[in-house]
Amino acid sequence: MKIGYLPILDRYRLKDINFEYGCFIALDVCLPLYKVLEINAQSLQDTWGKIDDYVTNSLRIITDVYGEEIEIDAKDKLRDVDREIINEIEYRLKEPPRACYPLYFISVGDGIDERLVYVGKTSSKTHRFSGGHSAALKLHAPKYEGLSKHIYFGTVVFLDNNKNYMPLEFIQPFEDAKSLLSNLEAGLIFNLQPELNSIYLNNSYALFDMYVNIENHSSRPGLLQNKQVSIQT
């Protein structure tokens, strides 16, 4: 909406993704692991539902309040919205939902010695770390004593054949978005072999071939910067 568009969510389908162009993971947030509870609990399902409701209600404002048709070319995924309508949407519905961070990465060490030790998905509506996360507990082992420990959170975006952005939380229906996230988690664990993960290390169980590009835009840009991972079924 900041640039004057609303997504037409039924145009964001699994079949529209071009996996040859790759999947992009952006690590935007990094925190010392002991501060992990300072970030709100992340849930793909929760964010997906909020976005679906927001877009549905926004389109209803366009048709019911302004009497406009939702006209959009068959090849397009975005609908132009002028500033007056955007202001009305924000007045009625408040700010749009924030992007979801469906994947997280835990590391130990600093500088060139920093290494990835765990990959997980933030699939819970309650905080994954509030009750004692298994990886966090394992980091109390003597071999990790004295090492700094950090957690990174990443967004996930795909591309269609025209290189339009397809955020994971836009993919319809939700079950397909959920499958894509599970595919990413399994494939990343299998390829990166983080030492504290216990599943997917010997077999990724991937359902989709993906070429994954990881970019680190966080306050600690060294981990996985420009890392490329090929996930294969």
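Strand S5 (residues 115–121) is largely enclosed by the rest of the structure, because six of its seven residues are buried. Buried means under 20% relative accessible area; exposed means over 50%, and partly exposed lies in between (1.4 Å probe, protein chains only). Strands are DSSP runs of E with at least two residues, numbered from the N terminus.

This is a predicted model, where local features need pLDDT of at least 70, side-chain atom pairs count only at pLDDT 80 or more, and totals for chains, interfaces and linings use all residues. Residues are numbered from 1 along each chain as its sequence is written, and side-chain values use heavy atoms, with hydrogens and water left out.

**Strand pairing**

Two strands pair if DSSP finds at least two bridges between them. The table lists pairings in this model.

| Strands | Sense | Bridges | A facing pair |
|---|---|---|---|
| S4 and S5 | antiparallel | six | Val108 and Arg115 |
| S2 and S8 | parallel | five | Leu27 and Asn216 |
| S8 and S9 | antiparallel | five | Ile214 and Lys227 |

S4 and S5 form a hairpin with six residues between the strands. There, Gly109 takes a positive phi near 90°. Strand S8 (residues 210–216) is mostly covered, with five of its seven residues buried. S8 pairs with S2 (residues 23–32) and with S9 (residues 227–231).

**Two buried residues**

Ser107 sits in strand S4 (residues 103–108). Its relative accessible area is 0%, so Ser107 is buried. The Ser107 side chain makes a polar contact with the side chain of Glu114, at 2.6 Å. A polar contact is a pair of N or O atoms within 3.5 Å; within protein, one must be able to donate a hydrogen and the other to accept it, and residues adjacent in sequence count only if both atoms are side-chain atoms.

Thr155 belongs to strand S6 (residues 149–159). Thr155 counts as buried because its relative accessibility is 14%. Leaving out residues up to four places away in sequence, Thr155 touches Phe24, Asp28 and Tyr101, among others. Contact means heavy atoms within 4.5 Å.

**Nonpolar cores**

A nonpolar core is a set of buried Ala, Val, Leu, Ile, Met, Phe, Trp, Tyr and Cys residues joined through side-chain atoms within 4.5 Å. The largest one has 52 residues. Ile25, Phe105, Phe158, Leu180, Leu184, Leu188 and Val212 touch the most other members. Beyond its neighbours within four places in sequence, Leu188 is in contact with residues including Ile25, Phe105, Val212 and Ile231. A second, separate core has 17 residues, among them Val36, Ala135, Ile151 and Phe153.

Conventions: Helix = DSSP H or I, 4+ residues; strand = E, 2+ residues; numbered from the N terminus.
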